[in-house]
Amino acid sequence: PTNLLEPRGRGMNDGEMFYVISNGRRSMPAYRYQVVERDRWAIVAYVRSLQRATAGTLEDVPPELRSELR
C-alpha cells in the first residue's frame, strides 16, 4: 500500500485520491458501493489533515505560543 505521508502520497491530488478510494488500485478494492460519495470526500479531507499534522514545524507555531511546547 502507498504510504500517504511519504512524498508520493502527498503528491496525489484530491481527485486522484478520491478515484483510488472509489475504484481501488492494485490490491486495494473499490469502496464506491460501500462508502457514499460525500464520505469518500470526507476521507480525502481527513487524510489531508493528517498529512498537514505530521509535516508541522516549530515555525508553524506562533512565536508567542512556542514557549508552551514540550
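## About the model

What you're looking at is a predicted model, where local features need pLDDT of at least 70, side-chain atom pairs count only at pLDDT 80 or more, and totals for chains, interfaces and linings use all residues. Numbering runs from 1 along each chain as its sequence is written, and side-chain values use heavy atoms, with hydrogens and water left out.

Let's start with Arg48, which sits in helix H3. Helices here are DSSP runs of H or I with at least four residues, strands are E runs of at least two, and both are numbered from the N terminus. Arg48 is buried, at 13% relative accessible area. (Buried means under 20%, exposed over 50%, and partly exposed in between, using a 1.4 Å probe and protein chains only.)

The side chain of Arg48 forms a salt bridge with that of Asp14, at 2.7 Å from N to O. With Arg48 in helix H3 and Asp14 in helix H2 (residues 14-23), the pair ties together parts that are 34 residues apart in sequence. Asp14 itself is partly exposed, at 38% relative accessibility. A salt bridge here is a side-chain nitrogen of Lys or Arg within 4 Å of a carboxyl oxygen of Asp or Glu.

Arg48 also has a side-chain polar contact with Gln51, at 2.8 Å. That term covers N or O atom pairs within 3.5 Å; within protein, one atom must be able to donate a hydrogen and the other to accept it, and residues adjacent in sequence count only if both atoms are side-chain atoms. Setting aside neighbours within four places in sequence, Arg48 is in contact (heavy atoms within 4.5 Å) with Gly9, Arg10, Met12, Asn13, Asp14 and Met17.

## The other salt bridges

The whole structure has 3 salt bridges. One of them joins Glu16 and Arg25, with the closest N and O atoms 3.3 Å apart. Glu16 is partly exposed at 30%, and Arg25 is partly exposed at 30% too.

Asp39 and Arg38 also meet through their side chains, at 3.5 Å from N to O. Asp39 is partly exposed at 33%, while Arg38 counts as exposed at 63%.

## A nonpolar patch

Leu5, Tyr46 and Leu50 make a nonpolar surface patch of about 290 Å². Patches use residues with over 30% relative accessible area and no salt bridge, joining like charges within 9 Å and nonpolar side chains (Val, Leu, Ile, Met, Phe, Trp, Tyr) within 5 Å. Areas come from the Shrake-Rupley method with a 1.4 Å probe; for residues, only the protein chains shown count as cover.

Leu50 belongs to helix H3 (residues 37-54) and is partly exposed, at 37% relative accessible area.
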